[in-house]
Amino acid sequence: MLWFSGIINWIPLTVAVVILLWLLRQDLILGLARKESLRKAIIIVLVVNLLAILFQLGRFYIALKNDPMGVYLLPGKGNNYFFSSSWNLFEPLVLAIAAGALMVLVGLIIGKVSRRPMFLESDFYVFFLTSLIIGYPNFLVLFLGSLLLMIIFKIASQLILKQNQILSRTRIAPFLYSAAILIIILSQFTFYQFFLNRLGII
């Protein structure tokens, strides 16, 4: 059963990487991913994460129910242990949704302050989706990482391709997808968590 639980825990990340690669391919081929594709991607990520959480919650409930002492920690036994533990499972998803909403808000503010169309409507879906996948506090690294990739690409394009206008306002999405994939990979290593801790992000 432990191996099956391990697979369930990996499913959301695997689905996220597949979706990000699919959208990145769309963006590179078509110029940008369609809004319909982005909406479907957001729904899929939310559903997969909710199902994974519900599985963990059900497994936790069964474990308590089958334990002689655990039955006293179930709902209706005069304590909130089960509900507080349930919140611990849902909290990362709630914070990820909040991070996505915050990224969209920041994008709207930037567009309003600049007084010119900085982003397309589809970009805001990308902001929300990538932040939803990466979650809190990694969405801060997502923002900075995508900017860093944009700068590196801009410099390389000017030095190698001699093109000054290779980046446009509509081309932020590929860097968000790429940064999100890199963060997912790096998150599996201890040094990355140590790095975030040293920066005071976690």
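Me: Why are α4 and α6 called roughly parallel to each other?

Reply: In this predicted model, the axes of helix α4 (residues 121–134) and helix α6 (residues 173–186) cross at roughly 5° and come within 10 Å. Angles under 35 degrees count as roughly parallel, and α4 and α6 are therefore described in that way. On the α4 side, the contact includes Val126, Phe127 and Ile133, while α6 contributes, among others, Leu176, Tyr177 and Ile183. By class, this contact has ten nonpolar residues, one polar and one charged.

Me: How do you know that the length of helix α2 agrees with its number of residues?

Reply: Helix α2 (residues 35–65) has 31 residues, which at 1.5 Å a residue should span 45 Å; the C-alpha atoms at its ends are 45 Å apart, so the two agree.

Me: Why does Arg59 count as partly exposed?

Reply: Arg59, found in helix α2, has a relative accessibility of 35%. Buried means under 20% and exposed over 50%, so Arg59 counts as partly exposed.

Me: What makes the aromatic pair of Phe60 and Tyr81 tilted?

Reply: A search of the whole structure finds ten aromatic pairs. In the pair of Phe60 and Tyr81, the centres are 6.0 Å apart and the planes stand at 50°. Planes under 30 degrees apart count as stacked and over 60 as edge-to-face, so this pair is tilted. Phe60 lies in helix α2 and Tyr81 in helix α3 (residues 81–114).

Me: What makes the pair of Phe119 and Phe127 edge-to-face?

Reply: The angle between their planes is 85°, and over 60 counts as edge-to-face. Both Phe119 and Phe127 are buried.

Terms used. Residues numbered from 1 in each chain as written. Predicted model: local features only at pLDDT ≥ 70, side-chain atom pairs only at ≥ 80, totals over all residues. Heavy atoms only, no water. Axes fitted to C-alpha atoms, helices over the stretch in contact; angles between N-to-C directions. Helix = DSSP H or I, 4+ residues; strand = E, 2+ residues; numbered from the N terminus. Parallel < 35°, antiparallel > 145°, perpendicular 65-115°, else oblique. Contact = heavy atoms within 4.5 Å. Nonpolar A, V, L, I, M, F, W, Y, C, P; charged D, E, K, R; others polar. Expected span 1.5 Å × (residues − 1). Buried < 20%, exposed > 50% of the residue type's maximum accessible area, 1.4 Å probe, protein only. Phe/Tyr/Trp six-rings, centres within 6.5 Å; stacked < 30°, edge-to-face > 60°.
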